[in-house]
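Here's a quick briefing to skim before you dig into the coordinates. Keep the viewer open while you read.

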2 protein chains.
Amino acid sequence: MATPRRRTGRTTTTSAVTGGFRQPRNPLPPVDPLSPEQLEKIEAASFQILENTGIEFLSPRGLDIWEQAGAKVDRSNKRVRVDRGLILDKIKTAPSQFTLHARNPAHHTIMGGDYMIFASVSGPGYSLDIKRGRRNGTYADLVNFIKLSQSFGVIHNIGGFICENQDHHEATRHLDTYYAQHLYADKCIMPSALGYNHAHDAVEMAAIVHGGHEQIRQFPVTLTIINSNSPLRFDTPMIDGMTRYIEAGQAVSITPFTLAGAMAPITLAGAIAQQNAEALFGIAYTQILNPGNPVVYGAFTSNVDMQSGSPAFATPEGAWATLIGGQLARRYHLPYRASNVANSKAPDAQAGWESMNAMWPVMLGHANYVLHAAGWLDAGLIAGYEKFIIDVEVLQLLEGFMRGITIDDSTLALDAIDEVGPGGHFFGVGHTMERYRSEFYRPLLSDWQNYGNWEQSGSLTAADRAYKIAQDTLANYEQPPLDLAIQEELEAYIARRRQEILPNG
Amino acid sequence: MATPRRRTGRTTTTSAVTGGFRQPRNPLPPVDPLSPEQLEKIEAASFQILENTGIEFLSPRGLDIWEQAGAKVDRSNKRVRVDRGLILDKIKTAPSQFTLHARNPAHHTIMGGDYMIFASVSGPGYSLDIKRGRRNGTYADLVNFIKLSQSFGVIHNIGGFICENQDHHEATRHLDTYYAQHLYADKCIMPSALGYNHAHDAVEMAAIVHGGHEQIRQFPVTLTIINSNSPLRFDTPMIDGMTRYIEAGQAVSITPFTLAGAMAPITLAGAIAQQNAEALFGIAYTQILNPGNPVVYGAFTSNVDMQSGSPAFATPEGAWATLIGGQLARRYHLPYRASNVANSKAPDAQAGWESMNAMWPVMLGHANYVLHAAGWLDAGLIAGYEKFIIDVEVLQLLEGFMRGITIDDSTLALDAIDEVGPGGHFFGVGHTMERYRSEFYRPLLSDWQNYGNWEQSGSLTAADRAYKIAQDTLANYEQPPLDLAIQEELEAYIARRRQEILPNG
């Protein structure tokens, strides 16, 4: 069992590379794309779905809990039907803002309000770089992506299986993943909820690292995505995982995967109504289990390409869904989770415009937690090294935008304008000289040279440069200190669990 | 002289490729990034600049006109100082909305309100494609880019020197440019204002094509950009060009080129105050010359990269400037011009994210006229074939977004949701089958295939695919019919003017 433990030696780990850690605050009011009447129509449809069609909930204990809470439960088909009044009453206890605690307090992140959290990609089975191409993800890739996530200040949380360590046994690879997350980063992590084991081990290991169960219950340290199995189903592994996290007081995001045309109606209005029904249902359940448990309204509505049957991301429909999802989350005073998505298979122009086209609606919709913020390619199947760096630049550009501008006598610069006068230039004047080092956004990856200099430096494309930046960042990575006793306790825990899960090795 | 002429045979030219001509209307309310107090501070600074520092106006006749209008004119340094009252009084007569008339009436475009016009890039001296690299622009390139602009419905107006025909004599190449614009496209064109000749010949040729001087005065057919020589100067060629267009009742956009840190203060507030001073000054002058003349508030404020001295585009500062420019234009009830800008030297990821990062603020700021909407690379020095196609996709994605979504009983799809039920899928149901051909955005360039199919089709990047789309579009281009008598009259006019301008050949 984990021993409660004081946190020591983990507060001073800000290397040069991670120097820019700063949670952006959204300076623009959120965009509400729907009129109040339109929003109410969607909500009313969600309630009709919950009242008439109902949700299949694949947990005998869960069905009992719903029944005790006042829902109509049909055990013949495991269907739960819930009144709008009950749903709205239950979700009331969910906090509108909370803090996710990192083992480095400088990396705590606030969830809610106008704050944004960018978390690296989670879930890909493949990794890709332009030299080696696509291949199965390995533990080495996973560790690399955790190191990249730790190294850039604009990445605030560590995604889950950023790239799946397929070279480890499926039944125990989550232990290796969690170990790497705790060892190579001191930012908040996102463990997985694929069944009880994933959740249980995440909680136990977090308790070892963060000072015990009571400590993490008071100060939640993980956020985990709970996907409904759209349409209208929560399956056993997800319910078991979610339940374990909530027992430990950890944050979850209820995120229906409602691709219009496949797991949801082809019409966006219906897909979002269904998303809202599933999300509210899951959120209400978290509050029945543990009133006040931190929970995030998750949206992942996009559409399938009806020609190929593939999911299509960063589409016009996805932009509307992202904005409307935010409007719904605000209606319920809940933090909002969205994503940085793309279909491109390479770190090319499509990857660039898709990332930016995903992120603008995310920012305008006031998403608080942005999963897959860096590294996602090929509809989430590939974690890309160059795409990670491209996304860091995209996020930094938006973070720079969110810093806003100052309007006062000094920045209005009337004296400098008069001093320079018609036909002059501002390069040399005092007003410029005082500010030229720090006034503007400075890029990581963007090339702003003139053509001649760019050609002389090798005519490198953004992908070429991103490859080099990823390699350099890994070479310069500094591991944040972890108390050796904690590391040993983690290792002992993993060894024991490996033996329990796979007794025959 | 041009003979007034009925327009004939030019109304039926909608080929398959141009089928999608449709001016988007902005569905979201404009984003006002500044508080009313902040906006007033910027405006007050603009007025102080105009009242105290003044504008250098390099036209003796112009100085007379300003003096007659009530401004203080200092002839020793050609400085004009104008009261805020005079400025605000004069700009009142500018229309808040007008129509630009194309020779194909299906391609008329409305300027103002929530309408957007996308015009191709204007000004590059170089062309670039991935097979041949960068080279000096030629007439063949220019014609190609006009054909591309004509072929895509999402390009509403033809940019000016989309790519400069450097293989033609500098003194007469504008004649060849205008000829190509009128011959190869039936959309509105943007001629140049670099001196009297450019403007005069544009007006005369437009009169030939569009039925005479009185016709184009009543129904303006061209929009031209008038750049102030920031800081605070209008030079002789621009004033002469502007004056000629206004005498002919043609639309102009007054667009200061206020790069913060070079031609404007390094602080964005000051750069925008200066932009606003120069724009209001120029707009007031258009209305003094011809009250009611169509005019557009132009903004082109970005910043220089203080490390290299190069202009930096699609930056966080540029996004703020674009949004604030829109807020100012709306304050004066004027249509608003902005741009799709980029620094990338190649059709790579940077080109993709820069285009999208430029266009979201353009859309949110409710720009009505978007110059450089397709094809701009390398800070405007290169017209790129692949970038043109990338931008068409970016514009189409945003146009798709601007179509909005429908929320009614049919799209809320409660029956379909109940029919499919928990755990089912929506592929085969009637609600899907009725809509699957037309419900979603369909891409031009985006690849949404799965990895295996993408690999089998050659692992082409977006740039590779864009190259092919550009070539195919040019191969399938259909020239819109032009009355032969008009064409001959254009040719005769050009021959005569060539002789006048270059009597010795």
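This is a predicted model: local features need pLDDT of at least 70, side-chain atom pairs count only at pLDDT 80 or more; totals for chains, interfaces and linings use all residues.

Residues are numbered from 1 along each chain as its sequence is written, and chains are lettered from A, with ligands numbered from 1, in the order in which they are written.

**Confidence**

- Chain A has a mean pLDDT of 94, with 96% of its residues at 70 or more; pLDDT is the predictor's confidence in each residue, from 0 to 100.
- Residues 1–19 of chain A have pLDDT below 50, and this stretch makes 39 contacts in the model beyond near neighbours in sequence (a contact means C-beta atoms, placed from the backbone, within 7 Å).
- For the complex, the predictor gives an ipTM of 0.95 and a pTM of 0.96.

**Where the chains meet**

- Chain A puts 98 residues into the contact, and chain B puts in 98 residues.
- On the chain A side, helix α11 (residues 349–364) supplies the largest share, 9 residues; helices here are DSSP runs of H or I, at least four residues, and strands are runs of E, at least two, numbered from the N terminus.
- Q350(A) sits in helix α11 of chain A, and it counts as buried because it has 29 C-beta neighbours inside 10 Å.
- The burial scale runs on C-beta atoms placed from the backbone: 20 or more others within 10 Å is buried, 12 or fewer is exposed, and in between is partly exposed.
- Setting aside neighbours within four places in sequence, Q350(A) is in contact with S344(A) and, across in chain B, with G352(B), S446(B), D447(B) and A462(B).
- Q350(A) and L328(A) are 22 residues apart in sequence, and their C-alpha atoms are 30 Å apart.

**The sheets**

- In chain A, 4 strands make an open, mixed sheet in the order β2-β3-β1-β12 (strands pair if DSSP finds at least two bridges between them).
- β2 (72–74) and β12 (233–234) of chain A are the edge strands; each has a single partner strand, so one side of each has no neighbour in the sheet.
- Strand β1 (residues 55–57) of chain A runs parallel to β12(A), joined by 2 bridges, and E56(A) has R233(A) as its bridge partner.
- Chain B also has 4 strands in an open sheet ordered β2-β3-β1-β12, with mixed pairing.
- In chain B, 2 bridges link the parallel strands β1 (residues 55–57) and β12(B), where F57(B) has F234(B) as its bridge partner.

**Two helices in chain B**

- In α8(B), 9 of the 12 residues are buried, among them M238(B), D240(B) and R244(B).
- The buried residues of α8(B) pack against several elements of chain B, including α2 (60–69), α6 (196–210) and α9.
- After α8(B) comes G249(B), with a positive phi near 70°.
- Helix α9 (residues 268–289) of chain B should span 32 Å over 22 residues, and its end C-alpha atoms are 31 Å apart, which agrees.
- α9(B) is mostly covered, with 21 of its 22 residues buried.

How values were computed
Two residues are in contact if their C-beta atoms, placed from the backbone, lie within 7 Å. The expected span of a helix is 1.5 Å times one less than its number of residues.
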